[in-house]
Amino acid sequence: MRISKIKAAIILLVLLSTNRFAFASSQQKGKESVKIETIDYYSLISKADLVYNIPPKRAQDGQPVGNGRMGSLVWTNPQALEFQINRIDVFSINADTRTFDGTPRDYCGGSAMIDIDFQSNEAVFTDDKFNQHLSCYDGTVETAGKGIKTKTFVWNDEDVMAVKVIDSRIFQTPAVVNLHALRALIVQRGKHKAISKMEIVGDKIVLTQEFTENQYFCKSAVAISIPDNKTRAWISKDTELKLSTITGIRNYTVLISSAATFDRNTDVVAQTINQLDHAKSKGYDKMLASNKEWWHSFWKQSYIQLHSPDGEADYVSKNYAYYLYLMGSASRGDYMVKFNGMLWNTDGDTRAWGGSYWGANQSCLYNALLTANKFELINPMFKTYTRMYDACALSARQQWGSKGIYIAETIGFSGDPAMPDSIASEMRELLLVNKPWSQRSQAYNDYAGGRNRWLSRWNNGIGKEAFGPVTHIFSRGAKLAYSYWMNYEFTQDKVWLEKSAYPMVKGIAEFYRNFPNLKKAADGKYHLYHVNDNEPIWDGHNTVEEISSMMGILPVAIKASEILNVDADLRPLWKELLQNLSPLPMSSEFPELKGKPVTFVKSLLPVQEGGEASALPDLNTMPIWCFDLATLESKDREMMKIANNTFDGYFPNGIDERTIAGTLTMLPIVGAMLGRSDAVKYLIPNQMKALTKPVFENRMDCMEGVQAMTAERLGRSSEALQNALCQSIPSKPGEPTIIRIFPAWPKEWDAEFKLLCRGNFLVSAAFKEGEINYVGLKSQSGSECRIRNPWGDKSIDIYLDAKKLQTVGGNLITFKTKLNGQYLLVRKGFTIL
């Protein structure tokens, strides 16, 4: 029986406004119908929880808590609960250092080591009666041992960690909170100084760190109090402070606050003390309640729920939620969280790869956040690069003799510093291969000496002549600028486009257009010389990274300038470059590959270093798929044939449950973008599992090196998962986007999701027993909707705010939407239960 219009309206409005329901098709008295099912967010997200029944063997196995600005793993020793307070805005140096050339590695993040020692006569945290539980839904870590229970979280409103202690031991002993400096109080290396100070301020203990080198300054503070207990504080040694409870109080809270600044005039000690006072005034229960409210709202922004008989789909959805938990805990500040360590370091200053950002690695963490509807989490990335815009514009001129902006693949948190004009002039000649490397002046060598070799600008001992793994990579700027453009496409926010996205897009387009080694050759095409193909190819020609980047960024520069009605004089210049740009490098250019399926390759000849130019593109970057150049909506059939040949080339033996997908590889993403369900079924779970590498109990790993705790592989596989469920893609860059539902989905896996699409459509859908059940859309900007018919050419009914709007058919469904209109698409004639 069909439900009444009133009842249907109420149900549908609840469904679409809260997005807390999913549909499943069923049969009722011979009629096909759609049944409403409640989504239980607590049950869904709790599947991602960490539960330990024995103490973790290593600190790196600890459970993560954070508020996006400060955080720590929580781990134990037999007598104590342990933490290392880390921050996203603590850097020991900037890119102008002359002290850390990459051999002594620089350091960042770490602010204090802390343990809460319960001083029991017997071990508290042992295999017997131990339990530790991370609740992803609530953002808390509960730890229980013999007579001790704790609950830990980091307050969202201010940078304060709260640890609630319940002591039920028969023979209670005072707890002692130990605050440890990460190094000796005074450390000097060259002109770099790290000065720590321990002090007692009233009933609080405080540790400060101050880092200086020439004009650079960074300072942090960590303060601790136990507000609901009488305490005693003392200095036990020069690098350790103690704060002890008084016996008799069995329930109390330890508050740990932190702050950091780059301003010499900011009093971070006062800031941490004020935060502790605010937390005390708020009280533990209200702090916890506000945190839970934030996390519960966070989880309702989007979701993915999966199931399969073999449990693989369930495993994937669990790890997807966990990835979002990690990013929610680590990426809500003024700077990007770093790929190498995030907020989870446990061994003081030790951190492989130091304090610089590696663009390819950072992308693993951030590329999945737009579709997840997590703007608060991706904004730190935009803030970081926007803040360094002027520095990148100066680098474009000084380092490369170009215009626009140059964003290096590896770069410091504030960008590259200015250079003396004489040094910059010589650097340009060297890097553009206009001057032999062997003829460097002594002044240049003196200036370059001691510089950080891991930054793209410098090549001290890890490259060959002017070239090294990251020296001549320009595609990072293009990929970032395209992310800015994508943020506009997802939000339809023209203010963002004007103020934030367009300056980046224009800056990169102008950099390429004015790059001295972009030259029109005898064939009438623009060729790009003396560039890298990511890290593997040095001094290449028309590399796939850079040609893809120009093919992607130029059309959106043109489109954005048209939308904003600016820079009309630049549009014909960009169009001329785009129309006469060399094609992507292909295997057909190499005689030895004639007769084989044509694929994309890394570079044309000549190349200086890095293996065969004719090899397949770097599987960790796959630039063609970063710029909408080979989408399922592409009208270029030959392009798509080559794209599929390229993907197949990585798997000569096919794809199955044994196929390895490495930490950084984009192949699962590319497979999903090409509509390959085998890539989804096997590559996504295999990338999450890290088949050949060790993974910690908390599902993170240190595959980048010692103390480089990361979730890179979870971020990459999450992006692939999103593309398998839902794509909003143009036929080519800058063209209107079309939504595709379940474009690469294994028929054995059931799925329900709510994700954001370009055009600012919040899309939900369900796939059960091999069929798509429904599609729901909330039009958050009133854009025109273009969607591939989820049921092929079958007729579908479209409902608007619970009222049937129209019945349509055909492969492509296009309809105008109203702002905040709630739409439902079902097969024609289906009833709603």
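The protein carries 96 positive and 90 negative side chains, with Lys and Arg counted as positive, Asp and Glu as negative, and His and the chain ends left out. The centres of the two sets lie 5 Å apart, each charge being placed at NZ of Lys, CZ of Arg, CG of Asp or CD of Glu. The model is predicted: local features need pLDDT of at least 70, side-chain atom pairs count only at pLDDT 80 or more, and totals for chains, interfaces and linings use all residues. Residues are numbered from 1 along each chain as its sequence is written, and side-chain values use heavy atoms, without hydrogens and water.

Aromatic pairs number 47. Rings of Phe, Tyr and Trp (its six-membered ring) pair if their centres lie within 6.5 Å; planes under 30 degrees apart are stacked, over 60 edge-to-face, and the rest tilted. Y41 and Y303 pair edge-to-face, at 5.7 Å centre to centre and 90 degrees between the planes. This pair links distant parts of the chain, 262 residues apart: Y41 sits in helix α2 (residues 41–46) and Y303 in strand β20 (residues 303–307). Helices (H or I, at least four residues) and strands (E, at least two) are DSSP runs, numbered from the N terminus. Y41 is buried, at 2% relative accessibility. Y303 is also buried, at 2%.

W295 and F298 form an edge-to-face pair, because their ring centres are 5.2 Å apart and their planes stand at 75 degrees. Both lie in helix α4 (residues 284–300), 3 residues apart, so about one helical turn separates them.

Notes. Buried < 20%, exposed > 50% of the residue type's maximum accessible area, 1.4 Å probe, protein only.
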